[in-house]
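Subject: Structure handover

Hello,

Here is the structure I said I would pass on. My notes on it follow below the model.

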Amino acid sequence: DTGSAAAIPINEVDIAYVTPVTIGTPPQTLMLDLDTGSSDLWVFSSLTPSNQVRGQEIYSPTKSSTSKLLSGHTWSIRYGDGSGSRGTVYTDNFTIGGLEVKSQAVQAALEVSSSFTQEQSLDGLVGLGFSALNTVRPSSQLTFFDNARPNLDEEVFTADLKYHATGSYDFGFIDSKKYAGNITYTTVQQSPGYWTHSLSGYSVGSGAFQASQISGISDTGTTLLYLPTAIVTAYYRQVQGAQNSQYYGGYVFPCSSTLPTFTFGIEGARFTIPASYINYTRISPTSTTCYGGLQSSSGLGINIFGDVALKAAFVVFSGTNPPRIGFAIK
Ligand SMILES: Cc1c(C=O)c(-c2nnc3c4c(C[n+]5cc6c(C)n(C)c(C)c6c(Cl)n5)n(C)c(C)c4cnn23)c(C)n1C
């Protein structure tokens with residue numbers, strides 16, 4: 001089997017990407033954020049208090065003839081930005097881009113934090129991390145990818161996220177029309193459950209490549225790129241008027257500044273992030289101060305290769321044993 005679905009930016013600065021999925025019988029369509037940085041599949045539901053729902057589509061298990069309550073099971077998740085949700089669990093038919101998993105664990109929200117309520121175009125998340133991270137108790141549940149794997153033509157899914165445009169997620173095949181040249185693979189350390197791997201180094205603008213192993217996670221659910229402070233200060237040293245603002249919680253600079261590109265290595269291959277991706281957004285609609293798409297990971301305990309980096313490549317998440325991740329120019 002294979003599947004292919006759109007990855008649609010939810011706003012004009014690609015703060016997150018959503019993908020149409022269907023749940024149940026008859027199919028209920030929701031727009032979910034496919035997130036390689038977590039492993040829970042949760043949705044706004046008919047069980048979510050109405051004062052916490054603001055325009056989102058909801059999953060109603062009682063309207064699905066194929067839904068089953070997974071009795072006695074609950075879940076609760078907290079994300080890196082402090083947002084979170086919790087609830088109960090059903091199994092039901094779940095489809096992404098024509099690829100169906102029967103009796104997928106669908107985590108129905110009984111409570112969501114305010115940042116989810118405020119984001120009307122995001123109806124939940126599909127965790128594509130390793131199932132070890134799943135928060136359902138007493139028995140943890142498998143991700144959509146782990147459930148689909150036995151039936152996939154190839155044990156892979158790919159992410160083709162785009163800058164200010166709709167990209168795609170493919171399951172079970174690698175579409176050679178979506179990239180140029182070769183795919184460079186590197187090994188993944190799958191514990192504790194993230195797609196953890198190393199960059200082989202970096203360069204700023206036309207500067208020399210600095211070879212160094214930089215371990216982190218490739219996370220489609222994180223907006224920005226978070227790297228060690230030494231790298232980030234070296235980058236913003238090239239930006240007129242840049243400063244690390246306590247007030248804005250990161251590097252900001254005059255929107256008129258010229259930014260250098262940022263290049264990262266995967267083994268021997270090199271991927272360059274255009275300056276436009278790093279000139280992320282104005283700090284407010286009328287401001288002339290802009291917030292950077294490259295920020296320091298100090299305090300996070302982990303480096304995060306989020307969308308700002310991933311959208312500069314075609315990325316293959318390979319569930320082979322051992323798992324590996326591949327990057328190609330597109
Ligand atoms: C350690 C870490 C993160 C780990 O991942 C992280 C982060 N970065 N984007 C996201 C997340 C997103 C993507 N995302 C980010 C958004 C921001 C910054 N704002 C203002 C809105 C309205 C957002 C939406 Cl709707 N969506 N989503 C949907 C979730 C659940 C995230 C959780 N964390 N997260 C941050 C900011 N930090 C410090």
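**The disulfide**

Cys 255 is buried, at a relative accessible area of 15%; buried here means under 20% relative accessible area, exposed means over 50%, and partly exposed is in between, with a 1.4 Å probe and protein chains only. Cys 290 is also buried, at 4% relative accessibility. These two cysteines form a disulfide, with their sulfur atoms 2.1 Å apart; the criterion is a pair of cysteine sulfur atoms within 2.5 Å. Cys 255 sits in the loop between β16 (250-254) and β17, while Cys 290 belongs to strand β20 (residues 289-292), so the link ties together parts that are 35 residues apart in sequence. The link of Cys 255 and Cys 290 is right-handed, with 105° about the S-S bond. A search of the whole structure turns up one disulfide.

**What kind of model this is**

This is a predicted model, in which local features need pLDDT of at least 70 and side-chain atom pairs count only at pLDDT 80 or more, whereas totals for chains, interfaces and linings use all residues. Residues are numbered from 1 along each chain as its sequence is written, and side-chain values use heavy atoms, with hydrogens and water left out.

The protein chain has an average pLDDT of 98, and 100% of the residues score at least 70; pLDDT is the predictor's confidence in each residue, from 0 to 100. Helices (H or I, at least four residues) and strands (E, at least two) are DSSP runs numbered from the N terminus. The model scores are ipTM 0.97 and pTM 0.98.

β12 is mostly covered, with eight of its nine residues buried. Strand β12 (residues 196-204) pairs with strand β17 (residues 262-266) in the antiparallel sense, over four bridges; two strands count as paired if DSSP finds at least two bridges between them. In this pairing Val 204 stands opposite Phe 262, and Tyr 202 has Phe 264 as its bridge partner. β12 also runs antiparallel to β13, joined by six bridges, with Thr 196 opposite Ile 217. β12 and β13 make a hairpin with five residues between them, and Gly 205 in the turn has a positive phi of about 55°.

Strand β6 (residues 84-96) and β7 pair in the antiparallel sense over eleven bridges. One of the facing pairs is Val 89 and Gln 107. Two residues lie between the strands in the hairpin of β6 and β7, where Gly 97 takes a positive phi near 55°. β4 runs parallel to strand β7 (residues 99-112), with two bridges joining them; Val 43 has Ala 108 as its bridge partner.

**Cores and contacts**

The largest nonpolar core has 73 residues, of which Phe 94, Phe 171, Leu 227, Phe 262 and Ile 273 touch the most other members. A nonpolar core is a set of buried Ala, Val, Leu, Ile, Met, Phe, Trp, Tyr and Cys residues joined through side-chain atoms within 4.5 Å. A second, separate core of 16 residues includes Ala 16, Trp 42, Ile 77 and Val 112.

Leaving out residues up to four places away in sequence, Leu 227 touches residues including Leu 199, Ile 214, Val 232, Phe 262 and Phe 305; contact means heavy atoms within 4.5 Å.

Val 239 is in the loop between α3 and β15 (243-245) and counts as buried at 5% relative accessibility. Its contacts, again not counting residues up to four places away in sequence, are Phe 253, Ser 257, Leu 259 and Pro 260. The C-alpha atoms of Val 239 and Leu 259 are separated by 5.9 Å, although the two residues are 20 apart along the chain.

Regards
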